[in-house]
Amino acid sequence: DMLPEGRYHNNFDFFKFPDFGMKHHKNEPLPPLPYAALEDPRNFFGAMRAKDHFVNFPFHSYESVVRFFEKAARDPKVTDIKIVQYRVAKKSRIMDALMRAVKAGKQVTVFIEVKARFDEEANLGWGEKLEKAGVKVHYSFPGLKVHCKIAMVTRREKSKLRHYTYLSTGNFHEDTAKIYSDMGLFTTDERITREVARIFNYLVTVKTPKSKFKHLLVGQFNLRPDLEKLIKQEIRNAKAGKPAGIFLKMNSVQDKKMIEMLYQASQAGVTVRMIVRGICCIVPGIPGYSENIEVISIVDRFLEHARVFIFRNENNEQIFLSSADFMTRNLSYRIESVFPIYNKKIKKTIMELMEIQWNDNIKARKIDLEDSNAYKLGVDEMPHRSQVETYFYIKRKSI
């Protein structure tokens, strides 16, 4: 299709548009907040052993993720570092740390997805640079994208190997971490670390894992069937008169089968709430068909990029963070990672963050049957701009 454009085409230039001294028209500064527990230079891995850690960018500083790799590169007890590279900054402290780790005698394995759209050349360039430094580099699978956002550090402790993992909804990209809203989890929980190790083994050997994934939902294995099971469980609960609800946040929803299952959930009486930033092929609010489905879209100063799946599970919520959207390409043609949140405090935080977003009445639009995308304005309500409220929510918790 051809669409008429304006007289000026290089819209990137507007990033540098002058403010003419009218500061009141600009967004208020929201400098990234330090995540103190993992920015203490003394005992990074000890803090990870003590408990799981949840980070929410760009509200939190990305320094905790960078230090994960920089600490691993220097730590004499670290034996291995593994990471999936999908998109990476041009100047990357993370990649620099990996190359230093090799010089320090550690085994470093990087899986590079060269089919990352718009980043193909950059990824090939990083691959060459890493290989020259001695990093073991593995490249794309034919016909299949590796889109999971995972990293693992192995450390020898008292004659035993312990895995430290970081899983995220976003890329290992120091630049986009300043403008993309993503969530990440640092954990040593063996239920998760064992299965992260299994993904890396598959990426390196291309041999199907012998053991099934019981905690992670992984593309090409159990991702689609386990998501279907979670939705069907809410449908059964609703039909049995039990509390039933689904709360989803993602970039896009397009997969026909998942949409049909959400329609079935609505018809069974399951309350379905969705925050969808981009492509949305589900039609909410059709009487007798999708009347229990509500959808909003939030477009604000930070790009909403996190994926969150919450299933009510009779008021014992099952919460997952994901690299995957409800798109056919994600569910059927990619290796994705959807990871559970087991820590009760982190679950509570994510629930509260999702409610803050749902109550947005400044930057949220309501997706409706007419496809009008009208702003969800609260005329008689207090104004709620979710990204600003999220920042101050995290700031209060950091004190």
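1. Buried means under 20% relative accessible area, exposed over 50%, and partly exposed in between, with a 1.4 Å probe and protein chains only. Glu 304 is buried on that scale, because its relative accessible area is 3%.

2. The model is predicted: local features need pLDDT of at least 70, side-chain atom pairs count only at pLDDT 80 or more, and totals for chains, interfaces and linings use all residues. Residues are numbered from 1 along each chain as its sequence is written, and side-chain values use heavy atoms, with hydrogens and water left out.

3. Helix 3 (residues 63-74) packs against helix 4 (residues 93-103). The angle is about 10 degrees and the axes lie 8 Å apart. Axes are lines fitted to C-alpha atoms, for helices over the stretch in contact, and angles run from 0 to 180 degrees between N-to-C directions. Helices (H or I, at least four residues) and strands (E, at least two) are DSSP runs, numbered from the N terminus. Helix 3 and helix 4 are therefore roughly parallel. Angles under 35 degrees count as roughly parallel, over 145 as roughly antiparallel, 65 to 115 as roughly perpendicular and the rest as oblique.

4. Which residues of helix 3 meet helix 4? From helix 3 come Glu 63, Val 65, Val 66, Phe 69, Glu 70 and Ala 73. They meet Arg 93, Ile 94, Ala 97, Leu 98, Arg 100 and Ala 101 in helix 4. Contact here means heavy atoms within 4.5 Å. By class, the contact of helix 3 with helix 4 has eight nonpolar, no polar and four charged residues. Ala, Val, Leu, Ile, Met, Phe, Trp, Tyr, Cys and Pro count as nonpolar, Asp, Glu, Lys and Arg as charged, and the others, Gly among them, as polar.

5. The whole structure holds 20 salt bridges. Each is a side-chain nitrogen of Lys or Arg within 4 Å of a carboxyl oxygen of Asp or Glu. Glu 63 and Arg 93 form one of them, at 2.8 Å, N to O. Arg 93 is partly exposed, at 35% relative accessibility.

6. Glu 228 and Lys 257 also meet in a salt bridge, at 3.5 Å, N to O. Glu 228 sits in helix 7 (residues 223-239) and Lys 257 in helix 8 (residues 256-268), 29 residues apart. Glu 228 is buried at 10%. Lys 257 is partly exposed at 48%.

7. Lys 249 pairs with Glu 304 at 2.7 Å, N to O. The pair links strand 10 (residues 245-250) to strand 13 (residues 303-304), 55 residues apart. Lys 249 is buried, at 3% relative accessibility. Elsewhere, Arg 49, Asp 75, Arg 155, Glu 157 and Arg 162 are linked in a salt-bridge network.

8. Strand 17 (residues 337-340) points Ser 337 and Phe 339 one way, Val 338 and Pro 340 the other, and all are buried. Strand 17 pairs antiparallel with strand 9 (residues 217-218) over two bridges. Pairing requires at least two DSSP bridges between two strands. Leu 217 stands opposite Val 338. Strand 15 (residues 318-322) also runs antiparallel to strand 17, joined by three bridges. There, Leu 321 has Phe 339 as its bridge partner.

9. Thr 109 lies in strand 3 (residues 107-112). Thr 109 is buried at 12%. Leaving out residues up to four places away in sequence, Thr 109 touches Ile 81, Lys 82, Ile 83, Lys 136, His 138 and Val 204.
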